[in-house]
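Hello,

Here is the structure for your files. My notes on it follow below.

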Amino acid sequence: MLARGAGVTLEYFGNTGTDLFWQNDSPRQQITGAVGVRGTGKLKLGPTGVTASEITRVVDLKGQVLMKQEAARGDAYFAGLLASEGTTRMISTKGWLYHLPPKSRAWLRTGRASGAAAVYGDQIINVLEPATLAKLLATAERSDVTPWYKNRDTGRRQRIYTHSGTITLKELYRLSPSFREAAGTSDVGNDEIWWQYLYDDRGLPDRLVWHFITTLKADSIGLGDNRIRSVRLVTKFWDWQAKVSIIPPKAKPGRAPAVDEITDILRAGDRPR
């Protein structure tokens with residue numbers, strides 16, 4: 001699977017719930033702040049994991065009026081979130097990260113980065129890192145396997161193995177280079193996330209889910225009652241290929257968007273009150 005130059009297409013979709021809420025009882029109206037995110041892209045693999053990646057990421061916001069109120073109070077995270085609505089493209093290859101922000105036609109080279117940086121920031125668990133995968137499988141709380149069946153898309157007979165469990169953000173930070181890079185801070189707490197990993201009889205990833213929810217004060221800055229109360233993201237892997245090419249775009253140096261992935265909340269700091 002980690003043969004040099006091999007790769008895979010992926011897609012993900014998910015949602016993030018904020019603590020922003022407004023209600024009027026007469027007439028009954030409710031507004032809730034939420035973020036929908038979806039993306040499609042591909043990964044290029046090497047002996048140690050992901051060596052290059054690209055993604056087209058689409059953000060849909062609900063409750064913008066509440067986010068605008070927070071931004072007006074000086075909350076840079078919600079201001080950045082509002083600016084992220086729409087389509088962003090990211091490419092990470094040959095040691096650099098590139099952005100094409102929403103409504104822009106010009107690519108920006110925004111800084112040094114690993115090959116995984118373009119994709120691993122919404123999906124925070126990287127099962128293509130051997131140490132991370134080994135830890136998940138060793139600590140799984142539930143495991144299952146399907147009977148053999150014929151895949152309707154490929155015609156191949158296969159079976160799917162499923163493992164699920166929990167891991168803390170602090171432990172994930174210790175294990176995973178791509179999560180350390182995405183988090184951008186070592187000040188992650190012991191908040192627990194639930195994960196589910198599915199792979200086929202060849203050992204190839206099929207689907208990966210992570211989920212976080214709390215209505216209370218969280219251990220990590222930005223989570224719980226400090227902006228983000230829930231996250232759920234599903235990543236599907238398909239179309240494994242013997243050779244994948246990811247080419248850097250023509251770009252000028254520039255600054256990355258303030259918010260372009262879910263993990264940006266971990267370094268947002270305390271919100272203005």
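Leu 204 sits in the loop between E11 and E12. Helices (H or I, at least four residues) and strands (E, at least two) are DSSP runs, numbered from the N terminus. Leu 204 counts as buried, at 12% relative accessibility. Buried means under 20% relative accessible area, exposed over 50%, and partly exposed in between (1.4 Å probe, protein chains only). From Leu 204 to Thr 132 it is 72 residues in sequence and 15 Å in space, C-alpha to C-alpha.

This is a predicted model: local features need pLDDT of at least 70, side-chain atom pairs count only at pLDDT 80 or more, and totals for chains, interfaces and linings use all residues. Residues are numbered from 1 along each chain as its sequence is written, and side-chain values use heavy atoms, with hydrogens and water left out.

The sheet

Twelve strands form an open sheet with mixed pairing. The order is E7-E10-E11-E12-E13-E1-E2-E3-E4-E5-E6-E14. Two strands pair if DSSP finds at least two bridges between them. Strand E7 (142-145) and strand E14 (252-253) are the edges, and each pairs on one side only.

Start at the E7 end. E7 and E10 pair antiparallel over four bridges. Val 145 has Tyr 161 in E10 as its bridge partner. E10 and E11 are also antiparallel, over nine bridges. E10 is mostly covered, with seven of its nine residues buried.

Strand E3 (residues 49-62) and strand E4 (residues 86-93) pair in the antiparallel sense over seven bridges. Thr 56 is bridged to Arg 89 in E4. E4 then runs antiparallel to strand E5 (residues 96-100), with five bridges. Thr 93 stands opposite Trp 96 in E5. E4 and E5 form a hairpin with two residues between them. Lys 94, in the turn, has a positive phi of about 55 degrees. Four bridges join E5 to strand E6 (residues 108-112), again antiparallel. His 99 stands opposite Leu 108 in E6.

Helices on the strands

Helix H1 (residues 64-72) packs on the sheet and touches strand E1 (7-25), strand E2 (28-46) and E3. Contact means heavy atoms within 4.5 Å. The direction of H1 makes about 85 degrees with that of E2. Axes are lines fitted to C-alpha atoms, for helices over the stretch in contact, and angles run from 0 to 180 degrees between N-to-C directions. Helix H3 (residues 130-138) lies across strand E10 (160-168) and strand E11 (192-200). H3 runs at about 100 degrees to E11.

Cores

A nonpolar core is a set of buried Ala, Val, Leu, Ile, Met, Phe, Trp, Tyr and Cys residues joined through side-chain atoms within 4.5 Å. Which members of the largest core touch the most others? Of its 55 residues, they are Leu 43, Ile 125, Ile 193 and Trp 210. Ile 125 touches Tyr 120, Thr 132, Leu 136, Leu 172, Ile 193, Trp 195, Leu 208 and Trp 210, not counting residues up to four places away in sequence. Another core, of seven residues, lies apart from the largest one. Among its members are Ile 91, Tyr 98, Trp 107 and Ile 246.

Pocket

The largest pocket holds about 460 Å³ of space. A pocket is an open set of points on a 1 Å grid over the protein atoms alone, where a 1.4 Å probe fits, with protein on both sides within 12 Å along at least five of seven lines; lining residues have an atom within 4 Å of a point. Grid points are joined across faces, edges and corners, and the volume is the space filled by probe spheres set on the points. Of the 17 lining residues, the closest to the centre are Asn 151, Thr 154, Gln 158, Asp 206 and Trp 238. Strand E12 (205-213) and strand E13 (228-241) are the elements that give two or more residues to the lining. E13 gives the most, with four.

Most residues other than glycine have a negative phi. Arg 227 is not a glycine, yet has a positive phi of about 120 degrees. Arg 227 lies in the loop between E12 and E13 and is buried, at 1% relative accessibility. Asp 239, in strand E13, is another non-glycine with a positive phi, about 60 degrees. Asp 239 is partly exposed, with a relative accessible area of 40%.

Best wishes
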